[in-house]
There are 2 protein chains.
Amino acid sequence: MRFLHTADWHIGKKLHGFDLAAEQWNAYEQIRQIAIDEHVDAVVIAGDLYDRAIPNEKSVTLLDDMLIDLNLKHHLPLLAISGNHDSATRLRTGSTWFKATDFYLNTKLSQALTPVEFDDTQFFLLPYFEPFEARQYFQDDQIKTVQAAMVQLVAAMRAQFDPNKKHVLVAHFFAAGSTHVDSETQIMVGGLNAIPVSDLADFDYVALGHLHGKDALHAERVRYSGSPLKFSVSEANQQKGVWIVDTDPFKLTFKPLRPQRDVRILKGAFGDLTDPAFYQQQATDDYLAVQLTDQRVIPNVMQELRAIYPHIIELDRVDGPVTTDTNATIVDPHLDPLELMTQFFEQTTDTPLTARQQKWAQAALTAATKED
Amino acid sequence: MRFLHTADWHIGKKLHGFDLAAEQWNAYEQIRQIAIDEHVDAVVIAGDLYDRAIPNEKSVTLLDDMLIDLNLKHHLPLLAISGNHDSATRLRTGSTWFKATDFYLNTKLSQALTPVEFDDTQFFLLPYFEPFEARQYFQDDQIKTVQAAMVQLVAAMRAQFDPNKKHVLVAHFFAAGSTHVDSETQIMVGGLNAIPVSDLADFDYVALGHLHGKDALHAERVRYSGSPLKFSVSEANQQKGVWIVDTDPFKLTFKPLRPQRDVRILKGAFGDLTDPAFYQQQATDDYLAVQLTDQRVIPNVMQELRAIYPHIIELDRVDGPVTTDTNATIVDPHLDPLELMTQFFEQTTDTPLTARQQKWAQAALTAATKED
């Protein structure tokens, strides 16, 4: 069979305050189109459908619309699990009805041991879990880690293997060899201990969620799909997309997604970034982490930049901290107040006070002194 | 056809801090049994399935279990709407899949105008709504009240009437003639303006939710079912239950529910209520609003009563405020401190200070005076 592997949709996620709903819907539509064009038999979503345990109403509607569109309108079978960002209990609402249309949404550890069979393949849908759930399930106090739990879970799954079929594990955890990036919140650092890829060798393919880059792990048949969107500046250089997996013969194809509004790092001097000759060549609407190479103070720097680049998500000075112009004389605190004000104005704006401004400043200082 | 009419389940509701989950499940099981015994063709739930817009995970599981049991396990068709306590958006999750098993859960105003047909009956399932939703739907700025909206809604429903069928409206609002009680939170006092029963005369039956007593309205064919449980002391004297409705010929039968733990008012003197001869004849485990007829101060009164009646939800003095014993001399503020303390102790505990207590009191007073 052929299926599409995606994960980490994180519906409801905000990027430094910016709502991503429109981009999330756009990415979803691309995924649906790939599923249709590639004639897949099913779509696998490996956890973190929502960004949080209690998504807001808008997010509830958005995900519901996607799942209805995919499963009920386009009749695509769905194989999904809850991730660490989802509330398993809330996500499960209604899932008992979903099976009638080949939408399998597993949110309980125990469900992982009843494979879902499609064509030539047995899918083991293992939701995100914490070690205590495995302890309870196996009645084994020795299970202290996810790794220990996985050893028993894999053995129990293997006992269900139909030798005439292929075996695919869908899971949401941290597999050994992968690297963490910023946007995966570390809720359970201890619980997310790494699963060695060698422990997963019994499967023909392991469709993982949790890490957001497809290259987080280098193993032929144990793969993260990554998220459909870049959710952090640390993901700026990742190519987002989905895997198309053929089970027999095994074949893996990556299908990239085009971001509607990219997340990029924009590095340069303030003067260059605000030069029309430069920015007119830029996708100024992207989510930008601006790295300024200037060291001098730039008045209203964020306001000036946002007038050109409305979606700045980070602003950093990459060549050391902001200082007053290093060539300027240090302001002498013994100067009289008017002189002090004049120097400060000049140094921060690179413009001298006009005669009129000088007069206003003098009047203000006189008034202030009188009030003493 | 024959259907069961219930409403206002308020899953997740607490009664003065007491969790009602066990009682709610018990009441649910009684409702299911009535539905089975009466061979109903469908169960109508007229809104407020949850007690709040964001129910906790335990409540989500509880309601999910009930609906799965009723619709998927016992194959009972369900006709339900969202009430003012529900989040329409959250309640709607998965509802698109429910229809396949004859579970119709309407949460949008527009859905009310597509009747659900069962046997000889058209059901119009109108969720709780606010006037602005009707304004938007009808594109009519003149709709300022629920009543104004209902006039247009009923006209639009009537346009859908199949003259060969019966017509049932399921709705969640305040109908004229009904009386309010404590446990219906007044979120939208202006929006919940009354709908005159005469505006509903086109229907063969109107199955209402919102008010918690079946006798809140006196109209033959416009009925509140009331809640399955007593949710407030003001409901102590209500008989809870469900309606069994036959459409042709029309017949209405009330089926009572037995409370697992009743809500009752218990009135009497402290001495009587704490007398084994009395309380051994009582269902001491009930949720009790205790009305004490005593006027004297009773030390540790709540603790003493709770030792016998663990589920006290209210404690009042019904024969005027607590006073010191009216036969006692008023304490003279000119007395010396030790004498004052002695009199206060005697009056509030009906016991004199022992010699040892007197000595301790004297020592404490001496120490306190020294520190001055």
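This is a predicted model: local features need pLDDT of at least 70, side-chain atom pairs count only at pLDDT 80 or more; totals for chains, interfaces and linings use all residues.
**Salt bridges**

My rule was a side-chain nitrogen of Lys or Arg within 4 Å of a carboxyl oxygen of Asp or Glu. The background idea is that side chains of opposite charge can pair when their charged atoms come close. I picked A:K58 and A:D19, whose closest N and O atoms are 3.0 Å apart. This pair links distant parts of the chain, 39 residues apart: A:K58 sits in helix α2 (residues 57-73) of chain A and A:D19 in strand β3 (residues 18-19) of chain A. Helices (H or I, at least four residues) and strands (E, at least two) are DSSP runs, numbered from the N terminus.

Residues are numbered from 1 along each chain as its sequence is written, chains are lettered from A and ligands numbered from 1 in the order in which they are written, and side-chain values use heavy atoms, with hydrogens and water left out.

**How the two chains are related**

**Where chains B and A touch**

Counting contact as heavy atoms within 4.5 Å, I found 22 residues from chain B and 22 residues from chain A. Do the copies meet through the same surface or different ones? The same surface, because 100% of the interface residues of chain B are also interface residues in chain A.

Next I looked up buried area, the accessible area (1.4 Å probe) that two parts lose on being put together, summed over both. Chain B and chain A bury about 2,000 Å² between them, with 63% of it on carbon and sulfur atoms. On the chain B side, B:E57, B:R90 and B:W97 lose the most area, together 36% of what that side buries.

How many salt bridges are there between chain B and chain A? I got 0. I did get 10 residue pairs in polar contact, both residues at pLDDT 80 or more. A polar contact is a pair of N or O atoms within 3.5 Å; within protein, one must be able to donate a hydrogen and the other to accept it, and residues adjacent in sequence count only if both atoms are side-chain atoms. For the side of chain B that touches chain A, the largest share, 8 residues, comes from α2(B).

Most residues other than glycine have a negative phi, and most peptide bonds are trans. I noted that the bond from A:D248 to A:P249 is cis, with omega near 0°. A:P249 lies in the loop between β12 (241-247) and β13 (250-256) of chain A. Over in chain B, a cis peptide bond joins B:D248 and B:P249, with omega about -5°. I also flagged A:H39, which has a positive phi of about 50° although it is not a glycine. I found A:H39 in the loop between α1 (21-37) and β4 (42-46) of chain A.
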